[in-house]
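Hi,

Here is the structure I promised to pass on.

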Amino acid sequence: MATEKLLMKGNEAIAEAAVRAGCKLFFGYPITPQNEIPEYMSKRLYEIDGGHFVQAESEVAASNMIYGAAAVGQRAMTSSSSPGISLKQEGLSYCAGSELPVVCVNIMRGGPGLGSIQPSPSDYFPATRPGHGDFRYIVLAPSSVQEAADLVMDAFDLADTYRNPVLVLGDGLIGQMMEPVVFKDYEPRAFDKTWCASGCEGREKNIINSLYLEPSVLEEHNLHLFEKYAEIERKEVRVERYRMEDAEIALAAYGTTARIGKTAIQALRAEGLKVGMIRPITLWPFPWAAFREAAPGLRFVLDVEMSMGQMIQDVRMGVGEACPVHFYGRVGGMVPSPGEIVARVRALAG
Amino acid sequence: MGNRIEVDRDRCKGCGLCVVACPKQIIELGREINLKGYHFAVQVDASRCIACQMCAVTCPEVAITVIRAVRKPARTAV
């Protein structure tokens, strides 16, 4: 089974990966371009023992349903696209406050507002600087259908390891594109679930809650969360260094933009320009160190985004004053061509 | 009727691969949107269609049907 290569749409691969990782409950609400995730789940979950699919009455409801599912120790997922994620932020903040392991997929589209339905990864800020309160999501950003499937499986384990919401951040291109995918063998690990509200016969009752009216107690709780986040920053940073061995110029890009950047790098290398790429796979924790280590040997970094410059803040934080950081971005669902990136690098390289 | 294609408009996600694949450059993404909200592919000049099937083979959504004109049987000498 493991070596079976399938041609799948990104959204369907994400859904199938979740099922293989033990997700039995899915709560969703329709929005393009992520609709194939709930569509797939609504059929697939009824093929497995204990699987259930609910189309919620709203995004807010769906994000509170995963709260409930996680509170009783079940693996649950929800998904949406940018405007819907704004609504889910409420429930996800509650999940973070109550330390619940949930997975949420955001197949980003153009914004602000209703925006467009074309690929537009412009939710870097709400993913890495999340909703209300002092907390973090673990944010995973795939740049292919294969990686989306792999990261969704990892997302469930990361959520359970740290009892924290994990966001998988794709966009309309990753979600709609069809590519070959091989699902890795998922090996279920045992996680501590003694904190769950799963029936208290023979033990003290567990209370799942994010309300702490006593300031000193809430402070203690938040400090506990940030000890956890410090551990995540130490252990869970993921980054791809692409052709950085001899690079004099580095692109910084994630997700869809990174795969376009790789094509551009091949063209630039053919012209003799030594260009590489640092591709954050975890947007939080961000691989600041990868930029800090590489920057002194670089002429400049070109941050390429399909937004008006969101990740560039973290790139600058990593690079510091070691070399200049330039920017190139397309927005609104316009996908940059490799040629545009080539031209930009060429112009900057002089 | 000559060669032409039929696009299942509500399956199309407007990826534009058929537009690139068509050797006659007679497929475009139209102005109308489909049920999903995408600008779907339309054949703008069927008279130049050679029924090569490149568009149908390329389409990841299997949304294109190619209809080949029925050729008149060649007249054979008796």
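To start with, how many of the 21 residues of α8(A) are buried? The count is zero, so to speak a helix that is hardly covered. Bear in mind throughout that this is a predicted model.

The length of that helix checks out too. Helix α8 of chain A runs over residues 215-235, and at 1.5 Å a residue its 21 residues should span 30 Å; the C-alpha atoms at its ends are 30 Å apart, which agrees.

Where they meet, domain 1 of chain A puts in 27 residues and domain 2 of chain A puts in 21 residues. On the domain 1 side, α5 (124-128), β6 (138-140), β7 (166-171), α7 (172-176) and α8 of chain A each supply at least two residues. It is α5(A) that gives the most to this side, with four residues. By class, the domain 1 side that touches domain 2 of chain A comes out as 15 nonpolar, nine polar and three charged residues.

Next, the nonpolar cores. Which members of the largest one, with its 102 residues, touch the most other members? They are A:Ile14, A:Val152 and A:Val168. Helix α6 of chain A (residues 145-162) gives the most to this core, with eleven residues. Both domain 1 and domain 2 of chain A give residues to this core, so it lies between them.

On to how the chains meet. Five residues of chain B are in contact with four residues of chain A. The chain B side of that contact has two nonpolar, one polar and two charged residues.

Last, the confidence values. Chain B has a mean pLDDT of 92, and 97% of its residues reach 70 or more. For the complex, the predictor gives an ipTM of 0.79 and a pTM of 0.94.

Definitions and conventions. Residues numbered from 1 in each chain as written. Chains lettered and ligands numbered in written order. Predicted model: local features only at pLDDT ≥ 70, side-chain atom pairs only at ≥ 80, totals over all residues. Contact = placed C-beta atoms within 7 Å. Nonpolar A, V, L, I, M, F, W, Y, C, P; charged D, E, K, R; others polar. Expected span 1.5 Å × (residues − 1). Buried ≥ 20, exposed ≤ 12 C-beta atoms within 10 Å, placed from the backbone. Core = buried A, V, L, I, M, F, W, Y, C linked by C-beta atoms within 7 Å. Domains from an automatic or database assignment. pLDDT = per-residue confidence, 0-100.
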